[in-house]
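Hi there,

Here is the structure I promised to pass on. My notes on its salt bridges follow below.

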Amino acid sequence: MLGPALCQAAEFSREQVVAMVGEALIQPPKLTNKDLSGLDLSGVDFKSADLFSANLEGCNLDQANLHGANLNRAQLRKATLKKANLSNASLYAVVLENADLSEANLTGSRIIGVLNGVNLSHANLAGADLGADMTNQGMAPARTEMNNAVLTGADLSGANLTHVILSYAKLQQANLRNARLQWADLSGANLNGADVAEADFRHANLDGAGLNNVRGMESAQGLKSGK
């Protein structure tokens with residue numbers, strides 16, 4: 001079903017977006033369905049903006065403050081969000097293919113969508129919820145796809161990664177303590193040097209996964225057998 005007509009990117013400059021955000025004094029700025037693709041919005045404080053279904057493809061959002069923002073159904077292909085603050089943000093049905101979120105803060109955020117090829121190296125996803133939506137199976141995507149994602153050194157402690165597709169993901173030196181990875185697809189993933197203490201891997205697919213020098217295996221559930 002077609003949504004509302006999108007605005008043309010040429011109608012907005014960085015200054016205009018900053019002005020729109022600044023004019024919102026009580027309620028969060030409303031930028032739903034806006035086409036902001038390709039803009040340099042680095043460092044902008046979005047004040048928990050409503051960016052539902054916004055087109056942010058190719059945007060520079062490095063160090064932007066998107067704490068508590070509504071990014072449901074947003075398009076962020078090839079966007080750069082290095083060191084951006086996305087804590088407690090909602091990213092349901094988001095598209096983040098090949099986006100760069102290295103060192104970004106996603107603590108407590110809700111993420112479900114297409115994140116194939118995303119760069120989350122050294123990002124903070126502690127307590128983030130990337131698990132499948134078991135209550136709304138009629139809506140796509142029902143689970144998060146992170147094929148070939150880069151999560152080297154990322155903090156995923158306490159994160160919900162149930163049913164997440166992480167095939168061939170790079171998880172070297174990642175912190176997976178207390179993470180939930182039941183039914184996750186980790187086939188071909190590289191977990192060398194990761195900390196998996198108290199993590200739950202029951203029913204996960206670990207075919208061909210690299211598990212050299214993994215720490216905390218003795219307290220992890222289901223890791224050795226992958227079942």
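To start with a term: a residue counts as buried under 20% relative accessible area, as exposed over 50%, and as partly exposed in between (1.4 Å probe, protein chains only). Please keep in mind that this is a predicted model, where local features need pLDDT of at least 70, side-chain atom pairs count only at pLDDT 80 or more, and totals for chains, interfaces and linings use all residues. Residues are numbered from 1 along each chain as its sequence is written, and side-chain values use heavy atoms, with hydrogens and water left out.

Searching the whole structure gives six salt bridges, each being a side-chain nitrogen of Lys or Arg within 4 Å of a carboxyl oxygen of Asp or Glu. Three of them are described here, with helices (H or I, at least four residues) and strands (E, at least two) taken as DSSP runs numbered from the N terminus.

One pairs R77 with E97, at 3.6 Å from N to O. It connects distant parts of the chain, 20 residues apart: R77 is in the loop between α1 and β1, and E97 in the loop between β1 and β2 (110-114). E97 is partly exposed at 24%, and R77 is partly exposed at 30%.

Another joins D40 and R14, with 3.9 Å from N to O. Here D40 sits in the loop between α1 (14-23) and β1 (90-95), while R14 belongs to helix α1, 26 residues apart.

Then there is R177 with D195, whose closest N and O atoms are 3.1 Å apart. Both lie in the segment after β2, so the bridge ties together parts 18 residues apart in sequence. R177 is partly exposed at 37%, whereas D195 is buried at 13%.

Best wishes
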